Amino acid sequence: MDYQAILEEIFEEVQPLFGQGQVADYIEPLKQVDPNKFGIAIETLDGQCYQLGDSQERFSIQSVSKVFNLALATNLVGDALWQRVGMEPSGNPFNSLVQLEYENGIPRNPFINAGALLVVDVLLDHLADANADMLGFVRQLRCSDVYYDEVVAESEKTTGYNNTALVNYMKGRGNIRHEVGQVLDAYCHQCSITMTCTGLARSFAFLANGGVVPGSGQRILTTSQTKRMNAIMLTCGFYDESGEFAYKVGMPGKSGVGGGVAAVIPGKLSIAVWSPELNEQGNSVLGIKALELFTTKTGLSIF
Ligand code: GLN
């Protein structure tokens, strides 16, 4: 398969979509990002990397980090996690308060904000220094080029009223053990992680490889845990657009409001796209289209 030629075709075909979305404007530093950026990278399990456009430029991975959050928690506590968070698609926006109230402070799944905040609370039970340990975890995924953007983290900590409300509500229902500020600090740091498309594709490769990091051979998750992680990405990775993403793209994946999307074809490859303009659900317009074109042109998908 000539992946490079396919990436070039995709790049041409997504051009008319520039201008159809909007960059995230509720996080101050993200407002400044150039909406015309577009990067894409593929990492195959046999160690080849294909890339195009702004694939070497760092961007804020935002909710894509919820995959690292869940992977690390799964690694530390296994199935015990599911007593405090659900595994059903939310069908609601990623920051919904009303759903959390209906469901007594048990978040629907780990990939909406409430769920990720809960998973962070679990991590805090087990990590000596949650912020340092999270970066260390991502670096084990053969991605050394990963850092926190303290400006983004600080901005979200000071203006993240909605996230504060979610943690407070869960704490009120007895589902958060640590201090609200501690949970928010670790969560906002995770969201502020900056990576490139090439780094992000490489860091997701273990999810295409049964839980083992290609190259280093390090096992992060068991085969069964990896299957489950990919199932949750497929059903919950794009919030209330998860069904449409499965229908049009057919890959387990995860998006973030920084405009990044990462996805995998188990047994074959991982792929990351970055384009900052978002649709109404908070997913990258060009990112989703690029992945739809990728599975259509290659005939690869999990179905
Ligand atoms: N940091 C963002 C928030 O908490 C992440 C949301 C997202 O990427 N969907 O709102």
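Which residues in the largest nonpolar core touch the most other members? Select Phe 68, Met 134, Met 195, Leu 200, Phe 204 and Leu 207, out of 64 residues in that core. Here a core is a set of buried (under 20% relative accessible area, 1.4 Å probe, protein chains only) Ala, Val, Leu, Ile, Met, Phe, Trp, Tyr and Cys residues joined through side-chain atoms within 4.5 Å. Its largest share, nine residues, comes from α4.

A word on what you're viewing: this is a predicted model, where local features need pLDDT of at least 70 and side-chain atom pairs count only at pLDDT 80 or more, while totals for chains, interfaces and linings use all residues. Residues are numbered from 1 along each chain as its sequence is written, and side-chain values use heavy atoms, with hydrogens and water left out.

Now zoom in on Phe 68: leaving aside neighbours within four places in sequence, its contacts (heavy atoms within 4.5 Å) include Ile 61, Phe 137, Val 138, Leu 141 and Ser 203.

Next, show helix α4 (residues 113-126) with helix α7 (residues 161-172); they pack at about 60°, axes 10 Å apart. On the α4 side, pick Asn 113, Ala 114, Leu 117 and Leu 118; on α7, take Asn 163, Leu 166, Val 167 and Met 170.

Last stop: Ser 275, in the loop between β8 (269-274) and α13 (285-298). Ser 275 is buried, at 0% relative accessible area. Among the residues it touches, not counting those up to four places away in sequence, are Phe 18, Lys 37, Phe 38 and Gly 259.

Note on methods:
Axes fitted to C-alpha atoms, helices over the stretch in contact; angles between N-to-C directions. Helix = DSSP H or I, 4+ residues; strand = E, 2+ residues; numbered from the N terminus. Buried < 20%, exposed > 50% of the residue type's maximum accessible area, 1.4 Å probe, protein only.
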